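I opened the notebook with the model on screen. These entries record what I looked up, in the order I went.

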Amino acid sequence: MVLVQIPMYNEREVYQLSIGAACRLTWPADRLIVQVLDDSTDAAIKELVKAECSRWARIGVDVRYEARHDRAGHKAGNLTEGMRHGYARRCEFVAIFDADFQPAPGFLADTVPLLLRDPALALVQTRWEFVNADECLLTRMQEMSMDYHFKVEQQAGSSLCSFFGYNGSAGVWRRQAIDESGGWDDRTTAEDMDLALRAALLGWKFVYVGAIKVKSELPSSLKAYRSQQHRWSCGPALLFRKMFWEILAAKEVSIWKKFYIVYDFFIARRIISTFFTFFFFAMLLPAKLLFPQVQIPTWQLIYIPTATTLLNSVGIPRRSLILLIPWITFENAMALHRFKAILIGLFEAGRANEWIVTHKSGNVGQKVKSITPGDYLKQRFHGLELLMGAFLLMSGCYDCMYGHGYFYLFALPQSVMYFMIGFELLGVSVCS
């Protein structure tokens, strides 16, 4: 028995695609339940989603529409509530798809047998592919970053120690593993990683299958992308703070696996690399340009940070090689936003549990009824990025006029990217 869960929140543009794809999955009809978990606050959208579920039910698909009275716990609370229904308890496996995901009909036939074959396997994670990667420069650069994540990070974790961070969608869980791990928890905005980590500490294994791809969307507006990156950076940092001692005390995993989780998965990849990128390109480089008496070897200042960033480009599509330099400056500039979110998570500051649903590309153009000039300026302009862009521009110009090297070749392109982010010149414009 397989339960397919689709958590939704005001998904007017994509609800038909996701429900339709789930209902077309190839699996015995008497062993498949599609559960649409609708947290929408718009009554009209709720009726549309409910009508779509009824349409598939009349065709013969066992599709259940479930709506809550509040959004307690956000996505984690929604999934937990869905698992409490009597019919859901009969299911051995749970496949989860966010509202913009469109699995191929053979998805379950390709993934569930892996779980049946190995009783110690808790999760099969598949790869995401993006239907709107060519929409704009922002989505192209996101695709480059996500390709590294799936081709290198997920594959390496799966191969080295059968552990990686669950991506929150396009994966199939063993129900027993979810229950034994304590179920979904809303203590952070990384509820997917939280569950995966607790399951791994109990000795459960994960496998990543990159050959199975599921269609999805990338955020096409900079505002949506920034809110997503805040959640993806802040949530893991807060989770690390909360579970550090539990990881060290776990008895079901080896010392090697603990080392991998603590150092590689959390510290090196999610904290140090972000700080490293931001500190070298945004702090040390301008200091060297403005204060020539500061002696920093070029290999330390330029070559090592550049090589580290280039290593993150392993696995990007060949067609995107032409965007390598803009992508590097974009990742360097976004490191400021991510590092700020990491600090908020590590210190559990005010926005540590802020949850903003990522708007799909279909939402672009929706209008807010009223907005003050002050709110417009706050949404449209990003002060930290503009200040950093001005700082790098001043440093680069100073080096160009009075310097004795070519460091301005690094500083000036970086300042341009900071300005593009600060003025929201990347991505599809969203009318306010």
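**Entry 1**

Which residue in E7 is the bridge partner of glutamine 125? I looked it up: the partner is tyrosine 208. I note here that the model is predicted.

I then stepped back to the strands themselves. E5 covers residues 121-130 and E7 covers residues 205-216. They pair in the parallel sense, over nine bridges. I also checked E5 against E6, residues 171-174. That pair runs antiparallel, with three bridges. Within it, leucine 123 has tryptophan 173 of E6 as its bridge partner. So far, then, I have E5 joined to E7 in the parallel sense and to E6 in the antiparallel sense.

How many of the ten residues of E5 are buried? I found nine, so I logged the strand as mostly covered, with buried meaning under 20% relative accessible area.

I moved to E1, residues 2-8. Seven of its seven residues are buried. I wanted to see both faces separately. In a regular strand, side chains alternate between the two faces of the sheet. On one side of E1 I listed Val2, Val4, Ile6 and Met8. On the other I listed Leu3, Gln5 and Pro7. Both faces are covered.

E1 runs parallel to E2, and seven bridges join the two. I picked valine 4 and traced its bridge partner in E2 to valine 34.

**Entry 1**

Threonine 139 belongs to helix H6, residues 137-161. Its relative accessible area is 0%, so it counts as buried. Leaving out residues up to four places away in sequence, I listed what threonine 139 touches: Asn132, Ala133, Asp134, Leu218, Pro219 and Ser220. For serine 220 I checked the C-alpha distance to threonine 139 and got 5.9 Å, across 81 residues of sequence.

Next came arginine 338, in helix H12 (residues 324-346). Why do I file arginine 338 as buried? Its relative accessible area is 12%, which falls under the 20% cut-off.

**Entry 1: the whole chain**

I counted 15 helices and seven strands. The C-alpha trace spans about 75 × 55 × 40 Å along its principal axes. The radius of gyration is 23 Å; a compact globule of 432 residues would have one near 22 Å, so the two agree.

Buried residues make up 53% of the 432. The chain exposes about 19,300 Å², and carbon and sulfur atoms supply 60% of that area. Of contacts between residues at least 6 apart in sequence, 80% join residues at least 24 apart. Last, I located the charges: 46 positive and 41 negative, with mean positions 1 Å apart.

Key
Residues numbered from 1 in each chain as written. Predicted model: local features only at pLDDT ≥ 70, side-chain atom pairs only at ≥ 80, totals over all residues. Heavy atoms only, no water. Helix = DSSP H or I, 4+ residues; strand = E, 2+ residues; numbered from the N terminus. Rg over C-alpha atoms; globule rule 2.2 N^0.38 Å. Buried < 20%, exposed > 50% of the residue type's maximum accessible area, 1.4 Å probe, protein only. Contact = heavy atoms within 4.5 Å. Areas by Shrake-Rupley, 256 points an atom, 1.4 Å probe, with all protein chains shown as cover. Lys, Arg positive; Asp, Glu negative; His and termini not counted. Charge placed at Lys NZ, Arg CZ, Asp CG, Glu CD. Pairing = 2+ DSSP bridges.
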